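This report looks at how the parts of one structure meet. It goes from domains to chains, then to a ring pair.

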Amino acid sequence: MQETSVPQAHVHAPPEGFIRKHVFSLDHKVIGKQYYGLALVAVFLGMALSWLMRLHLVWPNAKVPGLELLSKVGAPGGVMTPEYYLSLLTMHGTLMVFFVLTNAPFAAFGNYFLPIQIGAEDMAFPRFNMMSFWVTFTAFLVLITAFIIPDGPPIAGWTSYAPLSAVGKDAGPGMQFGESLWGLSIALFCIGSLLGALNFIATTLDLRAKGMTLMRMPISTWAWFITSCIALLAFAVLLPACILLVLDRHAGTSFFIPAGLVVSDRLQPHSGGSPLLWQHLFWFFGHPEVYIAILPSMGIVSHILINSMRKPLLSAKVVIYSMMSIGFLSYMVWGHHMFVSGMNPMSSLAFSFPTLTITIPATVMTLIWLGSLYGADIQINSASLFALGFISMFVSGGVSGFFLAQPSIDIYLHGTYFVVGHFHLVMGVASLFGVFAGTYFWFPKMSGRMMNDNLGKLHFLITFIGAYCIFMPFHYLGLVGNVRRYSSFVDDFMGPDLMSLHKFITISALITGAAQFIFLFNLIYSRFKGAPASDNPWNATTLEWSIPSPPPWNNFGDKHPIVYHDPYQYGVRGNKGDFVMQDSPEQSIVSGD
Amino acid sequence: MGKIFAVVLVIIALASAYPIISNKYAMPEDISTHGHLIDEQLHETMWEAGLSFLGAQLVLAYFVWVFTNRKAGSPLKTFPGGAKVMVIAAILFVGTEILALGVMGQKAWGSVYFTAPKPDALQVQAQAGQFAYYFRYPGADGKFGAIHPDKIDEGNQNYFGLDPANEVEARDDVVSGELVVPANREVQLLMHAKDVGHSFYVRELRIQQDFVPGLDLAIHFTATKVGKYEIICTQLCGLGHYNMKAYLNVMSPEDYDKWMKTQEAAQ
Amino acid sequence: MSSASTVNSHAVALPAASAPAASGVIAETSADRASRSGIWLGLFTITMSFAAFTSALFVREGTSDWGHIVLPSILYFNTFLLLCSSATIEISRRCLSGGRLIDAQKSRKGIVWLLFTLLLGIAFCVGQFMAWQQLRAEGLYLATNPNSSFFYVLTCMHVLHLVAGIAVLTYLTGRILATHRTLRRSLFDNVAIYWHFLGILWVYLFGLCLMKL
């Protein structure tokens, strides 16, 4: 029987009854699955919105059957109005950045696996954990309400720049109540995320099992931990910003609205506010937010890659330190979203240097991933394919960032499709590939069944090719000067050549989107009919594979684990094969090589 | 499947690079005096980004091809030099690029933002509002009349809210829906936002600058080629954002003088 | 605040060493350490939020329409009340006896000081409300000028956090008084830390308002 050095009280009683087990659960595993489910709904909704947007761009007068049911005003007769395009654009961005990319790689997988990977029975604060999910869920409901109010969702983009977002209904459709619902939803989301981040940090610092030193934590745990530290600071700044925005909209204050604005022929009764203040507050949150979106996927991919390579990375420590530097630097670069915003041009230069510098740890990580593949024994399965695909997507997206980091180049590329291509590749694709990889990898542990690998490989192939077909052309459009957030292309230079490219993108988007239903089918079917999974189907080393699939309510039963090794003992001669598990007392013998 | 991935990746990498290499989607010609610095910087970055992109994708494809489905018993190998080599390579390679581009970039950025406009630069004011641009020239007295937001009356074409009845300076201001400038003369553009954020973007001029409500911003440029060039809005400003544009009409100095005389006579 | 000790007697499986012993040794469990980390993380977050408000204030203060307001003098008295409440909660904390778990029977004095703390906290809130009334009487509302806007926003945000603290403290008082329950001492300590923090935060905000407004 294992013993612990520090007495551990059971964090909460075993759950009884349906509501306690599956709805208002204190169990981090259930909460993780709830976050995943929410992200799944949000991603399909966001994807459907993007289809509508892409269809409108290439066939603006097409009647979309059923669209007028969603909004009589926004799409009379099924034909989308320019303002409704902007509403869909705003909701697409908001759903994807907040409810998918912050929820899935971080809140969902982090909640499920962080406690297990460090040998804990649950998170430090299970009640706060439950609260954080339900607050996030409420935020989602508040946001979705914008679709059903008569005026519709806001049209100011997920970035909600003032004064457009602050002056109220004069700014346009959806800007009376839709924008306020946005503000309320995001404020709630901040609170949910802060509670979650707090939980992750306290758990990582204080609930590690005996022998689990910080440097023995898996890379995925480190990624969730670093992400939580970033999130704690970032969301703490977005919340006040949203509060001030709502006050400007409804209480007549002038935090962001200057004097003398004439909107819709009405002189606005505000004065002295600063639109740039909103941008600074928003991007001080906004830039770390995109690292919150990518870091967990970097950790998940590293974790899966090592398992599928059957050998450790060239240096896990360097990868961890690189993630830390990225986290640290992420707070110094927010101004690169504002190079041509009218802020002091000296500041623009100042912000560009740390922005360029972030390339260094990102390059280090990429080189380590690539270098580790050399001489490996790569096992190909759905999870490892997405992990390898992540590397490709991260390189592609990262490289375009290098252009945008330079203010003088940004003069030309800002506000064009080049930017949209960049952030979709890193966030919309690379980060999502981390989620896919994690799903295929951890599904057996979470459900006790295997996902269908053939369907997974098909899903990967179509998604990998499709994502490049969609987003690589965005860069070419940007180089030509195609501006973003346009509901139609009426500029002189948008000739048939460019419109064919747009058609190609739209068709690729529809096909790639359809392929996601293969994934959804696989997920649901396997949950009920998948082949039974053993405790350790991937011959992996970390603590989650030492417990049953699916795990009991208290993870490790009555045995508190003791950790003897670093997390990646692969390529060694162990009792069970070419690996030694973290909680196995056997000494690892390095295979002759 | 690993081999399939490798082949697909190589095809994608080469297919992605092809439009760039063949210059199929080229930037429009540069008609400004400072633009060549930006273009040079972009080309330098494209080389470096392109080589990094191709290098990384091809290496990834190669390693996946070679190291999947290996014969049973093949030994595991470690990349020579290990992590240290990678860290040093990253710092050297990226560090050098950052320095080179940073130095280049300062010149390009500075030519737009850190040089003062010439004293005889042509003064024009641009006003951006939902969803049109209007431009105004100071007229013979060289002074702009004050803007009174409460006097704006689009129906009577008082776009700027001028008060010519009570203000002398406002009487000779020339208002135009086009930005007409003479070639090869520096223009100082004073930027005023009427309602929400907008932006001034002329691709050929290699200029992009946001209008910020409440802030008086100015940029300067010199156009070198006669012609009409689109001015488009790149800052989301509402439902008409996609359609908000005007024209930069670069005329020869003689044509410009003729045009200005006609405008002034019409005031 | 954090995961308090479970209610079901069978679920708590503490080894003997951590039971309140005659020697008064309090074994720190991982749950105690986690809740201590939790409160410091929470305070860090609140600090960062007020830092964001502060920077917004500094940016806004640079404009010409800032205006100067005279702060109601009741604010000084409110500050005094809040700082006293920090003292009373600290005395209460030291008077609550027992080891790892608070023993309600032996903590009569501690409970009295706790009630004083609650009273002072509520009095502070009432005082803040009166300060707002006085400002309104002078015609200074939320949107009157940016100065007044920030005053209302900062004081309101602070009061909301204090009300939360009062609610938790009331709940804890109830827990201590209900003698068949036991309360972890570390939980009480965390609430005290939060309370002191709100006092320090108020001194900072008041100073900021005095300097800037």
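**Domains of chain A**

Chain A is divided into domain 1 (30–259) and domain 2 (534–593). The model is predicted. The C-alpha centres of these two domains of chain A lie 37 Å apart. The domains do touch: 20 residues of domain 1 of chain A are in contact with 18 residues of domain 2 of chain A.

How much area do domain 1 of chain A and domain 2 of chain A bury between them? The value is about 1,400 Å², with 59% of it on carbon and sulfur atoms. On the domain 1 side, Ile116(A), Glu121(A) and Arg216(A) lose the most area to domain 2 of chain A. Together these three account for 43% of what that side buries.

Now the polar side of this contact. Between domain 1 and domain 2 of chain A, the count of salt bridges is 0. Polar contacts are present: 8 residue pairs across this interface of chain A, both residues at pLDDT 80 or more. Two elements give two or more residues to the side of domain 1 of chain A that touches domain 2 of chain A: helix 5 (103–117) and helix 8 of chain A. Helix 5 of chain A has the largest share of that side, 5 residues. By class, the side of domain 1 of chain A that touches domain 2 of chain A has 12 nonpolar, 4 polar and 4 charged residues.

**Domains of chain B**

Chain B is also split by the assignment. Domain 1 of chain B covers 2–70 + 80–113, and domain 2 of chain B covers 122–266. Their C-alpha centres lie 39 Å apart. Domain 1 of chain B gives 14 residues to the contact, and domain 2 of chain B gives 14 residues.

These two domains of chain B bury about 1,200 Å² between them. Of that area, 54% is on carbon and sulfur atoms. Which three residues supply more than any other three of the area that domain 1 of chain B buries against domain 2 of chain B? They are Pro28(B), Ile31(B) and Tyr113(B), with 47% of that area.

Between domain 1 and domain 2 of chain B, the count is 2 salt bridges. A salt bridge also joins the side chains of Asp39(B) and Arg206(B), at 2.7 Å from N to O. The interface between the domains of chain B has 10 residue pairs in polar contact, both residues at pLDDT 80 or more. Helix 2 (35–67) and helix 3 (82–113) of chain B are the elements that give two or more residues to the side of domain 1 of chain B that touches domain 2 of chain B. That side of domain 1 of chain B has 6 nonpolar, 5 polar and 3 charged residues.

**Chain against chain**

There are 2 pairs of chains in contact, and chains A and B share the most contacts. No contact joins chain B and chain C. The closest C-alpha atoms of chain B and chain C lie 11 Å apart.

The contact between chains A and B takes 99 residues from chain A and 94 residues from chain B. Chain A and chain B bury about 8,300 Å² between them, 74% of it on carbon and sulfur atoms. Tyr374(A), Ile411(A) and Tyr412(A) supply 9% of the area that chain A buries against chain B, more than any other three residues.

How many salt bridges cross the interface of chain A and chain B? The rule finds 2. Asp492(A) forms a salt bridge with Lys245(B), with the closest N and O atoms 3.8 Å apart. Polar contacts between chain A and chain B come to 24 residue pairs, both residues at pLDDT 80 or more. The side of chain A that touches chain B divides into 63 nonpolar, 24 polar and 12 charged residues.

| Parts | Buried area | Share on carbon and sulfur atoms |
|---|---|---|
| Domain 1 and domain 2 of chain A | about 1,400 Å² | 59% |
| Domain 1 and domain 2 of chain B | about 1,200 Å² | 54% |
| Chain A and chain B | about 8,300 Å² | 74% |

**A ring pair in chain A**

Over all chains, a search of the whole structure finds 77 aromatic pairs. One of them joins Phe189(A) and Phe235(A). This pair is tilted, at 5.8 Å centre to centre and 50° between the planes. Phe189(A) lies in helix 7 (residues 178–206) of chain A, and Phe235(A) lies in helix 8 (residues 219–250) of chain A, so the pair ties together parts that are 46 residues apart in sequence.

Notes: Residues are numbered from 1 along each chain as its sequence is written. Chains are lettered from A and ligands numbered from 1 in the order in which they are written. This is a predicted model: local features need pLDDT of at least 70, side-chain atom pairs count only at pLDDT 80 or more; totals for chains, interfaces and linings use all residues. Side-chain values use heavy atoms; hydrogens and water are left out. Contact means heavy atoms within 4.5 Å. Buried area is the accessible area (1.4 Å probe) that two parts lose on being put together, summed over both. A salt bridge is a side-chain nitrogen of Lys or Arg within 4 Å of a carboxyl oxygen of Asp or Glu. A polar contact is a pair of N or O atoms within 3.5 Å; within protein, one must be able to donate a hydrogen and the other to accept it, and residues adjacent in sequence count only if both atoms are side-chain atoms. Ala, Val, Leu, Ile, Met, Phe, Trp, Tyr, Cys and Pro count as nonpolar, Asp, Glu, Lys and Arg as charged, and the others, Gly among them, as polar. Domain bounds come from an automatic or database domain assignment. Helices (H or I, at least four residues) and strands (E, at least two) are DSSP runs, numbered from the N terminus. Rings of Phe, Tyr and Trp (its six-membered ring) pair if their centres lie within 6.5 Å; planes under 30 degrees apart count as stacked, over 60 as edge-to-face and the rest as tilted.
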